Amino acid sequence: MHTSEKALPPSTTTASSRRADLERFEAQLAEWTALIGQYRANARRVEASARLELDRITDELQLQRNEASAQVMRLKSSADFEWEHEKLQLERAWQAVRSAFQKAEIAF
């Protein structure tokens, strides 16, 4: 029995577009890192009862930011034929992180 395998389409991602994507993702990580720092500073200025909740929120944001950073590292090390798939998965996952930051903005 003979099975035919479909060849993967050639990658349409150029080195310069990969670099631009990575720069965009790394800039977003830097922005999130700065926001977490601001949120932590704001949390230190409130009453102890409110501080616990704000600390919980910032800890969750830090965890999500770290996971996002790990995703960027996986993207960086992906082969050309995996790039678009990995990038799409990263962008989908980051929607949840963006939502978490938007909700946190309300709290702070």
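Asp21 is buried, with a relative accessible area of 10% (buried means under 20% relative accessible area, exposed over 50%, partly exposed in between, with a 1.4 Å probe and protein chains only). This is a predicted model, in which local features need pLDDT of at least 70 and side-chain atom pairs count only at pLDDT 80 or more, while totals for chains, interfaces and linings use all residues. Residues are numbered from 1 along each chain as its sequence is written, and side-chain values use heavy atoms, with hydrogens and water left out.

Lys87 forms a salt bridge with Asp21, and the closest N and O atoms are 3.1 Å apart (a salt bridge is a side-chain nitrogen of Lys or Arg within 4 Å of a carboxyl oxygen of Asp or Glu). This pair links distant parts of the chain, with Lys87 in helix α3 and Asp21 in helix α1, 66 residues apart. Lys87 also counts as buried, at 15% relative accessibility.

Arg24 forms a salt bridge with Asp21 as well, with 3.4 Å between the closest N and O atoms. Arg24 and Asp21 are three residues apart in helix α1, which means that about one helical turn separates them. Arg24 is partly exposed, its relative accessible area being 40%. A network of salt bridges links Asp21, Arg24, Lys87 and Glu91.

## Helix α1

Helix α1 covers residues 15-43, 29 residues in total (helices are DSSP runs of H or I with at least four residues, strands are runs of E with at least two, and both are numbered from the N terminus). From its first C-alpha to its last, α1 reaches 42 Å, close to the 42 Å expected at 1.5 Å a residue; the expected span is 1.5 Å times one less than the number of residues.

The buried residues of α1 include Arg18, Asp21, Leu22, Phe25, Trp32 and Tyr39. Among the elements that cover the buried residues of α1 are α2 (48-76) and α3 (83-107), where contact means heavy atoms within 4.5 Å.

## A pair within helix α2

The structure holds seven salt bridges. One of them joins Glu53 to Arg56, whose closest N and O atoms are 2.6 Å apart. These two residues lie three residues apart in helix α2, so about one helical turn separates them. An α-helix has 3.6 residues a turn, so residues three or four places apart point the same way.

Glu53 is partly exposed, with a relative accessible area of 38%. Arg56 counts as partly exposed at 48% relative accessibility.
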